[in-house]
Amino acid sequence: MVATGLSETPAAYRAKLLTQDDAQIDAWVAGSLRDIAKRKGVVQAIHEFGKASGLDEDGLAGAFTAGGGAAATMGRDDEGRLIFPAVALWALVPGIRTVDPARGKDRLINFLVATFEEVVYI
């Protein structure tokens with residue numbers, strides 16, 4: 001598996017991610033958010049990002065707007081869960097770096113590792 005560029009374990013994946021520059025991590029997180037939203041829905045993508053990054057709904061809303069997402073586009077679904085437009089999920093990436101400059105990259109890597117089963121290559 002390693003010979004193909006795939007990581008065998010989440011720990012091996014994390015080790016590879018730690019060697020990547022910020023721009024690459026950001027691109028992978030934005031792409032992963034988009035892909036998860038397509039496969040599982042926006043609510044699930046937001047939930048998985050919040051859980052892995054350690055952000056509650058207020059933290060997610062703050063990261064979304066700090067990253068350039070329009071506050072007016074945030075809302076709730078029929079079950080009361082926080083929702084953002086799928087096309088603006090990317091705003092969570094610069095947003096988390098803005099609200100937590102010291103640990104932003106670690107939080108983004110946590111998301112990628114938590115979604116290891118979704119995509120396991122770099």
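Which residues in α3 meet which residues in α6? In this predicted model, local features need pLDDT of at least 70 and side-chain atom pairs count only at pLDDT 80 or more, while totals for chains, interfaces and linings use all residues. Residues are numbered from 1 along each chain as its sequence is written, and side-chain values use heavy atoms, with hydrogens and water left out.

On the α3 side the residues are Glu48, Phe49, Ala52 and Ser53, and they meet Arg107, Leu108, Asn110, Phe111 and Ala114 in α6; contact here means heavy atoms within 4.5 Å. Sorted by class, this contact has 5 nonpolar, 2 polar and 2 charged residues (Ala, Val, Leu, Ile, Met, Phe, Trp, Tyr, Cys and Pro count as nonpolar, Asp, Glu, Lys and Arg as charged, and the others, Gly among them, as polar). As for the geometry, helix α3 (residues 42-53) packs on helix α6 (residues 104-114) at an angle of about 120°, and the axes are 8 Å apart. That angle makes α3 oblique to α6. Angles under 35 degrees count as roughly parallel, over 145 as roughly antiparallel, 65 to 115 as roughly perpendicular and the rest as oblique. Axes are lines fitted to C-alpha atoms, for helices over the stretch in contact, and angles run from 0 to 180 degrees between N-to-C directions. Helices (H or I, at least four residues) and strands (E, at least two) are DSSP runs, numbered from the N terminus.

Setting aside neighbours within four places in sequence, Glu48 is in contact with Ile36, Lys40, Phe111 and Thr115. Its C-alpha atom is separated by 16 Å from that of Gly104, 56 residues apart along the chain.

Next comes helix α5 (residues 92-99), whose buried residues are Leu92, Val93, Gly95, Ile96 and Arg97. These pack against α2 (22-40), α3, α4 (57-66) and α6. With α6, the packing angle is about 140° and the axes are 8 Å apart; the two helices are therefore oblique to each other. Val93, Ile96 and Arg97 of α5 make this contact with Gly104, Lys105, Arg107 and Leu108 of α6, giving 3 nonpolar, 1 polar and 3 charged residues. With α4, the angle is about 105° and the axes are 7 Å apart, which makes α4 roughly perpendicular to α5. Here Leu60, Gly62, Ala63, Phe64 and Ala66 in α4 meet Leu92, Gly95, Ile96, Thr98 and Val99 in α5. The α4 contact with α5 has 7 nonpolar, 3 polar and no charged residues.

Then there are the rings: the whole structure holds 3 aromatic pairs. Rings of Phe, Tyr and Trp (its six-membered ring) pair if their centres lie within 6.5 Å; planes under 30 degrees apart count as stacked, over 60 as edge-to-face and the rest as tilted. One of the pairs is Tyr13 with Phe116, with centres 5.6 Å apart and planes at 55°, so it is tilted. This pair links distant parts of the chain, with Tyr13 in helix α1 (residues 10-18) and Phe116 in the segment after α6, 103 residues apart. Both Tyr13 and Phe116 are buried. Phe64 and Phe84 have ring centres 4.1 Å apart and planes at 10°, so that pair is stacked. Phe64 sits in helix α4 and Phe84 in the loop between β2 (82-83) and α5, so the pair ties together parts 20 residues apart in sequence. Phe64 and Phe84 are both buried.

Conventions
Buried < 20%, exposed > 50% of the residue type's maximum accessible area, 1.4 Å probe, protein only.
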